[in-house]
Amino acid sequence: MPECENCGAFVTDQYVRVFAPPEMDTVRVCPECPDMLRSDGEVREAKSRRK
């Protein structure tokens, strides 16, 4: 079962296929991450905490 590398939240196989780089088996950041986000194809620290 894939997990987010940043927060450990469960992500679906379909989410991984869409958002993970081709060489990775999981995502670096998911929608549940409170401190990181994906912007312009790169992962960066969020300017403010989400949620």
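This is a predicted model: local features need pLDDT of at least 70, side-chain atom pairs count only at pLDDT 80 or more; totals for chains, interfaces and linings use all residues.

Which residue in E2 is the bridge partner of Leu-37?

Tutor: The bridge partner of Leu-37 in E2 is Arg-44. Residues are numbered from 1 along each chain as its sequence is written, and side-chain values use heavy atoms, with hydrogens and water left out.

Now the hairpin. Strand E1 covers residues 36–39 and strand E2 covers residues 42–45. The two run antiparallel, joined by 4 bridges. Strands here are DSSP runs of E with at least two residues, helices are runs of H or I with at least four residues, and both are numbered from the N terminus. Two strands count as paired if DSSP finds at least two bridges between them. In a regular strand, side chains alternate between the two faces of the sheet.

Look next at the turn. The hairpin has 2 residues between its strands. Asp-40 sits in that loop between E1 and E2. Its phi is positive, near 55°. Asp-40 is exposed, because its relative accessible area is 78%. The cut-offs are these: buried is under 20% relative accessible area, exposed is over 50%, and partly exposed is in between, with a 1.4 Å probe and protein chains only.

Met-1 lies in the segment before H1. At 83% relative accessibility, Met-1 is exposed too. Asp-40 and Met-1 are 39 residues apart in sequence, and their C-alpha atoms are 27 Å apart. From Met-1 to Pro-31 the chain separation is 30 residues, and the C-alpha separation is 17 Å.

Leaving aside neighbours within four places in sequence, Phe-19 is in contact with Val-27 and Arg-38. Contact means heavy atoms within 4.5 Å. Phe-19 belongs to helix H1, residues 13–19. Phe-19 is partly exposed, since its relative accessible area is 37%. Cys-30 is 11 residues from Phe-19 in sequence and 8.8 Å away in space, C-alpha to C-alpha.

Phe-19 also has an aromatic partner. The model holds 1 aromatic pair. The rings of Tyr-15 and Phe-19 have centres 4.5 Å apart and planes at 40°, so the pair is tilted. Rings of Phe, Tyr and Trp (its six-membered ring) pair if their centres lie within 6.5 Å; planes under 30 degrees apart are stacked, over 60 edge-to-face, and the rest tilted. Tyr-15 and Phe-19 are separated by about one helical turn, because they are 4 residues apart in helix H1. Tyr-15 is buried, as its relative accessible area is 16%.

Now the cysteines. The structure holds 0 disulfides. Cys-7 is in no disulfide, and its nearest cysteine sulfur, that of Cys-30, is 3.7 Å away. A disulfide is defined as a pair of cysteine sulfur atoms within 2.5 Å. Cys-7 is partly exposed, with a relative accessible area of 36%. For Cys-33, the closest cysteine sulfur is in Cys-4, at 3.4 Å, which is too far for a bond. Cys-33 is buried, with a relative accessible area of 1%.

Step back to the whole chain. The protein has 1 helix and 2 strands. Along the sequence they follow the pattern α-β-β. The radius of gyration is 10 Å, close to the 10 Å that the globule rule gives for 51 residues, so the protein is as compact as a globular protein of that length. That radius is taken over C-alpha atoms, and the rule is 2.2 Å times the number of residues to the power 0.38. The C-alpha atoms fill a box of roughly 30 × 20 × 15 Å along the principal axes. Of the 51 residues, 31% are buried. Among contacts between residues at least 6 apart in sequence, 14% join residues at least 24 apart.
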